[in-house]
Amino acid sequence: MNDKIRGRPDFLLLFLTFFLVGFGLVMIFSASYPVSISKHQGPWHYVFKQGIFALIGLFAMSFFMIVPYSRLKKVAPLLLLISLLLLLFVLIEGGNINGAKRWFSVAGFTLQPSEFVKLTVIVYLSTIISRKGEGIRNFKRGLLPIMAVVGLIILLVLKQPDFGTVLILTGIAVSVLLVGNTDLRHLLLLGMALIPVFVYLAFSKSYRLARISSFLNPFDDPQGSGYQVIQSLYAFQRGGVTGTGIGHSVQKLFYLPEAHTDFIFAIIGEELGFVGTTLVMIAFFLYIWRGFTASVRCKDDPFGFMLGMGIVMMIFFQFMLNAGAAIGSLPVTGVPLPFISYGGSSLILCLACTGILLNISRANARRRQETR
């Protein structure tokens with residue numbers, strides 16, 4: 001391939017990314033300033049930190065948009081090793097927040113290794129499957145060793161515990177294996193074997209059981225497990241069609257916990273109404289569509305195809321789990337809304353992954369130029 005021919009990136013995907021990040025900063029400021037004033041004596045604490053993470057994320061996006069995505073195959077073993085070490089480190093030295101050890105601090109900033117592990121799993125699976133080729137259809141020598149590695153990662157994440165990320169990692173793994181031409185019978189058998197495991201995990205801890213029961217009927221325990229969902233639904237109800245206007249949410253005034261993180265979608269619904277939430281959903285589905293299109297156009301390169309599809313499905317799963325929990329359609333899992341929720345690790349990951357999608361779109365454009 002002639003490196004002098006540089007393909008143009010998908011500008012719609014790039015625009016959607018900037019829109020979602022910019023919109024997220026506005027909503028984080030609006031949703032967080034009451035708690036920011038209460039805890040940090042000023043309204044700008046959370047949006048300022050998110051802005052720094054956005055700059056880091058944009059640098060990461062630019063880097064991955066420029067460096068050929070194929071080079072990720074060479075660093076896949078190193079990424080896997082680093083991820084495993086970070087997951088072990090956070091279990092040993094991580095700070096305990098609300099009974100979970102998912103974070104550690106670096107220079108005053110909190111990082112969550114399990115966020116970056118999502119990209120590691122995508123790169124690892126795409127690399128191994130593309131190298132195995134038809135060998136992936138052999139259960140013992142193809143699928144089983146891969147699932148052993150992914151299972152180890154999931155086990156370490158589960159120890160934190162972070163059930164939401166476990167669900168996303170499982171969804172990513174299944175998606176990449178499906179597009180990687182894995183024998184469907186093997187996946188179905190594996191899925192049937194994992195169902196009892198997930199049922200046990202869902203019901204083995206009282207707080208998970210409480211989240212499931214609150215999802216089924218939050219008004220059974222309005223001051224306990226159902227409190228967050230009920231307050232979230234009140235936010236959507238108050239927002240109506242056009243919303244109360246940016247900055248005029250009532251639920252963020254210490255009624256709705258985690259208003260600027262897990263439940264920022266509810267604040268969007270309250271301040272911008274049905275119209276605002278619909279526009280956000282359209283932006284996400286356009287993003288997913290453009291990412292899917294770039295991946296499919298790369299089908300002649302199995303690694304790029306699986307890499308892009310893994311990223312697209314990661315964004316899709318995170319959006320659905322977050323939005324679904326906010327509107328009471330899915331149990332609360334603590335999964336952030338991509339690009340929008342407060343959280344540096346999630347934002348950096350999403351922007352870095354967007355850079356890879358843009359890189360894939362550039363490679364597609366370059367290939368089209370070369371065939372003319």
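Where is the place of Q41? Select Q41 to find it in the loop between α1 (11-40) and α2. Before going on, note that this is a predicted model, in which local features need pLDDT of at least 70, side-chain atom pairs count only at pLDDT 80 or more, and totals for chains, interfaces and linings use all residues. Residues are numbered from 1 along each chain as its sequence is written, and side-chain values use heavy atoms, with hydrogens and water left out.

**The whole chain**

Show the protein chain as a cartoon. Its secondary structure comes to 12 helices and three strands (DSSP runs numbered from the N terminus: helices are H or I with at least four residues, strands are E with at least two). The radius of gyration is 21 Å, close to the 21 Å that the globule rule gives for 372 residues, so the chain is as compact as a globular protein of that length (the radius is taken over C-alpha atoms, and the rule is 2.2 Å times the number of residues to the power 0.38). Along the principal axes, the C-alpha trace spans about 55 × 45 × 40 Å. Of the 372 residues, 50% are buried (buried means under 20% relative accessible area, exposed over 50%, and partly exposed in between, with a 1.4 Å probe and protein chains only).

Most residues other than glycine have a negative phi, and most peptide bonds are trans. Return to Q41: its phi is near 55 degrees, a positive value, and Q41 is exposed, with a relative accessible area of 65%.

Next select N181, in the loop between α6 and α7 (184-204). Phi of N181 is near 70 degrees, also a positive value in a residue other than glycine. N181 is partly exposed, at a relative accessible area of 38%.

Then select Q160 and P161, which are joined by a cis peptide bond with omega of about -10 degrees. P161 sits in the loop between α5 (139-158) and α6 (163-179).

**A bent helix**

Select residues 264-296, helix α10. A straight helix of 33 residues would span 48 Å at 1.5 Å a residue, but α10 spans only 32 Å between its end C-alpha atoms (the expected span is 1.5 Å times one less than the number of residues). Centre the view on L272, where α10 has a kink of about 125 degrees (the bend is the angle between axes fitted to the seven residues ending at a residue and the seven starting there).

**The second largest pocket**

Select F64, L79, F116, L119 and A352, which lie nearest the centre of the second largest pocket among its 24 lining residues. About 630 Å³ of space lies in this pocket. On a 1 Å grid over the protein atoms alone, a pocket is an open set of points with protein on both sides within 12 Å along at least five of seven lines, a cavity is a set where a 1.4 Å probe fits but cannot get out, and lining residues have an atom within 4 Å of a point. Grid points are joined across faces, edges and corners, and a volume is the space filled by probe spheres set on the points.

Helix α3 gives the most to the pocket lining, with six residues. L119 lies in helix α4 and is buried, with a relative accessible area of 12%.

**The cavity**

Finally, select D262, F263, L321, N322, A325, V332, T333, G334 and V335, which line the largest cavity. About 50 Å³ of space lies in this cavity.
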